[in-house]
Amino acid sequence: MAFRQALQLAACGLAGGSAAVLFSAVAVGKPRGGGDADTRATERSTWTGISRPGPSVWDSNWDRREPLSLINLKKRNVESGEEELASRLDHYKAKATRHIFLIRHSQYHVDGSLEKDRTLTPLGREQAELTGLRLASLGLKFNKIVHSSMTRAVETTDIISKHLPGVCRVSTDLLREGAPIEPDPPVSHWKPEAVYYEDGARIEAAFRNYIHRADAKQEEDSYEIFICHANVIRYIVCRALQFPPEGWLRLSLNNGSITYLVIRPNGRVALRTLGDTGFMPPDKITRS
């Protein structure tokens with residue numbers, strides 16, 4: 001229930017320090033394997049290997065882009081003063097905000113024997129048109145579209161791109177659908193552990209490659225679109241908000257939905273919308 005309430009708060013548009021508040025809201029009431037609250041105080045995350053002093057502590061260097069972490073202190077002149085260090089730190093500080101729009105592909109033919117046969121349905125093509133119109137209506141200057149190389153994502157991108165002329169497209173295998181990590185609570189019909197091991201590494205690589213604060217050289221805010229898959233988006237949201245990533249399967253996303261993340265220069269992350277399809281007529285909304 002706490003996890004659901006946290007997501008409802010996010011959907012209401014909390015900004016600024018909302019991520020820390022939401023992460024606190026999903027604190028597990030009872031540690032795995034028994035024990036008391038003191039045991040939880042030094043939990044080790046299974047996905048980063050980092051010990052955290054408590055479930056509500058925000059890791060400000062989650063993307064490894066804190067200015068101090070980018071400076072090679074071993075090469076710093078020991079005689080240099082605080083002013084020089086402050087100047088170097090300022091050189092590595094991000095200045096711009098990244099606005100990231102995560103789009104789930106539209107409805108497709110799930111019975112295709114090969115991946116290339118899993119093309120969009122007629123309804124799926126309508127959904128992509130509606131998503132493209134919605135994005136265009138925002139009046140934003142989008143910088144790029146990065147999309148999964150799977151057929152259903154490519155076709156969704158083809159349709160959305162028509163509504164965003166001039167926005168460059170980049171295809172990547174990193175955003176292909178997969179099983180990111182074994183869900184908690186477990187589901188008996190999911191794939192074997194070996195698949196999680198392989199898919200999880202790739203999807204985690206996608207997160208690290210694409211989800212982070214702006215580069216220090218970026219002067220203006222950016223607006224980027226990522227068109228991919230439900231599992232990938234759900235995992236990215238959990239990781240970005242520093243929720244337990246094993247909870248990804250508790251989230252649900254409609255076809256053609258828009259999930260909107262904001263990453264501030266200081267590394268704070270806010271979830272503006274999760275799986276929004278309010279721009280679609282009710283009879284056009286599907287989940288598979």
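This is a walk through a predicted model of a single chain, from its overall layout down to a few individual residues.

Let's start with the big picture. The chain has eight helices and six strands. Going along the sequence, these elements come in the order α-α-α-α-β-α-β-α-β-α-β-α-β-β. Of the 288 residues, 45% are buried. Take the contacts between residues at least 6 apart in sequence, and 71% of them join residues at least 24 apart.

Now for the inside. In soluble globular proteins, nonpolar side chains tend to be buried together. Here the largest nonpolar core has 31 residues, and Leu175, Ile211, Leu261 and Val269 are the ones that touch the most other members. The elements giving two or more residues to this core are E1, helix H7 (193-210), E4, helix H8 (230-240), strand E5 (258-263) and strand E6 (269-276). H8 is the top contributor, with eight residues. There is also a second, separate core of 16 residues, and Phe142, Leu164, Tyr260 and Met280 are among them.

Leucine 261 touches Arg98, His99, Ile100, Leu102, Ile236, Ala240, Val269, Ala270 and Leu271, leaving out residues up to four places away in sequence. Val269, which is on that list, lies in strand E6. Its relative accessible area is 1%, so valine 269 counts as buried. From C-alpha to C-alpha, valine 269 is 10.0 Å from valine 237, and the two are 32 residues apart in sequence.

Next, helix H6, which covers residues 151-162. How does its span compare with what its length predicts? At 1.5 Å a residue, the 12 residues should span 16 Å, and the end C-alpha atoms are 17 Å apart, so the two agree. The helix is also mostly covered, with nine of its 12 residues buried. Those buried residues are Thr151, Arg152, Ala153, Glu155, Thr156, Thr157, Ile159, Ile160 and Ser161. What do they pack against? Their partners are strand E1 (98-104), helix H5 (122-137), strand E2 (144-148), strand E3 (168-172) and strand E4 (222-228).

Threonine 172 lies in strand E3. It has 10% relative accessibility, so threonine 172 counts as buried. Beyond its neighbours within four places in sequence, threonine 172 is in contact with Val146, His147, Ser148, Ser149 and Tyr210. Leucine 130, in helix H5, is partly exposed because its relative accessibility is 23%, while buried would mean under 20%. Again setting aside neighbours within four places, leucine 130 is in contact with Phe279, Met280, Pro281 and Lys284. The C-alpha atoms of leucine 130 and threonine 277 are separated by 9.3 Å, although these residues are 147 apart along the chain.

Finally, some backbone details. Most residues other than glycine have a negative phi, and most peptide bonds are trans. Which peptide bond is cis? The one from aspartate 184 to proline 185, with omega near 5°. Proline 185 sits in the loop between E3 and H7. Arginine 64 has a positive phi of about 55° without being a glycine, and its place is the loop between helix H3 (37-40) and helix H4 (82-92). Glutamine 242 also has a positive phi, near 60°, and is found in the loop between H8 and E5. Glutamine 242 counts as buried, because its value is 4%.

Methods:
Residues are numbered from 1 along each chain as its sequence is written. This is a predicted model: local features need pLDDT of at least 70, side-chain atom pairs count only at pLDDT 80 or more; totals for chains, interfaces and linings use all residues. Side-chain values use heavy atoms; hydrogens and water are left out. Helices (H or I, at least four residues) and strands (E, at least two) are DSSP runs, numbered from the N terminus. The expected span of a helix is 1.5 Å times one less than its number of residues. Buried means under 20% relative accessible area, exposed over 50%, partly exposed in between (1.4 Å probe, protein chains only). Contact means heavy atoms within 4.5 Å. A nonpolar core is a set of buried Ala, Val, Leu, Ile, Met, Phe, Trp, Tyr and Cys residues joined through side-chain atoms within 4.5 Å.
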